[in-house]
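Subject: Structure handover

Hello,

Here is the structure I said I would pass on. My notes on it follow below.

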Amino acid sequence: MFNKLFAILCLFVPVEALAQSKTTDFMLDNGMQVVVIEDHRAPVVVHMVWYKVGSSDEPPGKSGIAHFLEHLMFKKTANLAAGELADTVAAHGGSHNAFTSLDYTGYFQRVAADRLDLMMQMEADRMTGLQLSPDDITVERNVVIEERNQRTESAPGALFNEHLQAALFLNHPYGVPIIGWMHELKTLNYDDAMAFYKQHYAPNNAVLVTAGDVTPEEVKALAEQYYGVVPANRAVTPRARRQEPPHRAARRVIFRDERVAQPFFARAYLAPERNSGDQRTAAALVYLAEILGGSGATSVLGKALQYDTRQAIYTSAQYKPTALDPSSFSLVAVPAPGVPLQQIEDAVDATITNFLTHGIDIERFERIKSQFRASEIYAMDNVSGIARRYGAALTQGLTVADVQAWPQILQGVTPKEVMEIAERLFDEKASVTGWMMGPREETE
């Protein structure tokens, strides 16, 4: 009963209102962009600083430096002792964290709204006031190396995906893991960290997002007080990355590891990213991923391979629309016991060919469209999620207007657009196929 009522209510919510929360944005004189998202239901605020620099902006041979610096940012500054920011947030009953991605690095705190000025004061202080010691470098480098050991070196699936990504991107730094290659991690030093910090950490390379029980007027006053006095850095230059050459040959990765208990098949294709003012292609790819692999029971791959022929125990299709440069679209299938990887690969290919021939089930397409509308409505209830949406978009080449237009663009996608992008996407020459298997399994 609830689901039916919710579906009916969704029909009456204007699409334009789905992302049109009370959002204000402005620029400080030093070039820092500020976004304010009002939500006065609780006296809480999320404070985020996003830097327009990620692992794909690292100098050659210094992979992992962006993530390494994220760790070092919790060390001493001119006004804060090492760890004082984290201790202060905890003492005020809040939470905090940081994250590094391919295109951005972010720092955030969630605290009572009347503590916003304290968060800005501390975050602005470490924007340019970081003071590192040789011991800081040694300790945190060891921490990051251990993190790689735990999350990547000890996980065959992570190593496999790392090699698949490296094979997909022939020249672009998206092929380098965010955490860095182990042999380069071990050489990162004080000069590397400080050079990267001084090059990229500056107000004119950052976006401030505040969301919660705040007003634009108070945020602007505090932002000008704490961030506005930090000088712009002339060393900040437009991002210039190596780009992909034309792909003229399909690639394969055969990954063997004695720790593999369950073999699986994966294929990744180069795919267009969301672009400012031109988001329809990315929106169509979002639909394509959901149609092909969103639900095991109703998706194209799931129905064909998991239910009709029972050749697979799991299938999926994934696409990440938000990226600064071309992204990827991937297919995964885990074979049922006794099904060889070649058989499951052939079955995936046959299923995709059949889909391209017969097209989209219109009833299924309309259900997905309703699900996307519902998910946008639910997203409005998550102020931290909305803040992340803006921060990620603005550090990856999109605008506030693009973020707000996205729900309406999703609702405007047609089956014809999805099929057109599918025809262009599945180009064998722009793909890499991977098999992950144990050491004794046959490749045929």
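Helices (H or I, at least four residues) and strands (E, at least two) are DSSP runs, numbered from the N terminus. The model is predicted, so local features need pLDDT of at least 70 and side-chain atom pairs count only at pLDDT 80 or more, while totals for chains, interfaces and linings use all residues. Residues are numbered from 1 along each chain as its sequence is written, and side-chain values use heavy atoms, with hydrogens and water left out.

Six strands make an open sheet with mixed pairing, in the order 1-2-6-3-5-4; two strands pair if DSSP finds at least two bridges between them. Strand 1 (23-27) and strand 4 (95-100) are the edge strands, each pairing on one side only. Within the sheet, strand 3 (residues 44-51) and strand 5 (residues 105-112) run antiparallel and are joined by eight bridges. Val 44 stands opposite Ala 112 in strand 5.

His 67

His 67 sits in helix 2 (residues 65-72). Is this residue buried or exposed? His 67 is buried, because its relative accessible area is 7%; buried means under 20%, exposed over 50% and partly exposed in between (1.4 Å probe, protein chains only). Leaving aside residues up to four places away in sequence, His 67 touches Glu 58, Thr 100, Val 144, Glu 147, Ile 178 and Ile 179, where contact means heavy atoms within 4.5 Å.

Pocket and cavities

On a 1 Å grid over the protein atoms alone, a cavity is a set of points where a 1.4 Å probe fits but cannot get out; a pocket is an open set with protein on both sides within 12 Å along at least five of seven lines; and lining residues have an atom within 4 Å of a point. Grid points are joined across faces, edges and corners, and a volume is the space filled by probe spheres set on the points.

The largest pocket holds about 920 Å³ of space. It is lined by 33 residues, and Leu 102, Asn 161, Glu 162, Gln 165 and Ile 178 are the closest to its centre. Helix 5 (134-153), helix 6 (156-168), strand 8 (264-271), strand 9 (312-319) and strand 10 (327-335) each supply at least two residues of this lining.

There are two cavities of 30 Å³ or more. The second largest cavity has a volume of about 50 Å³, and its lining includes Met 73, Phe 74 and Arg 126.

Regards
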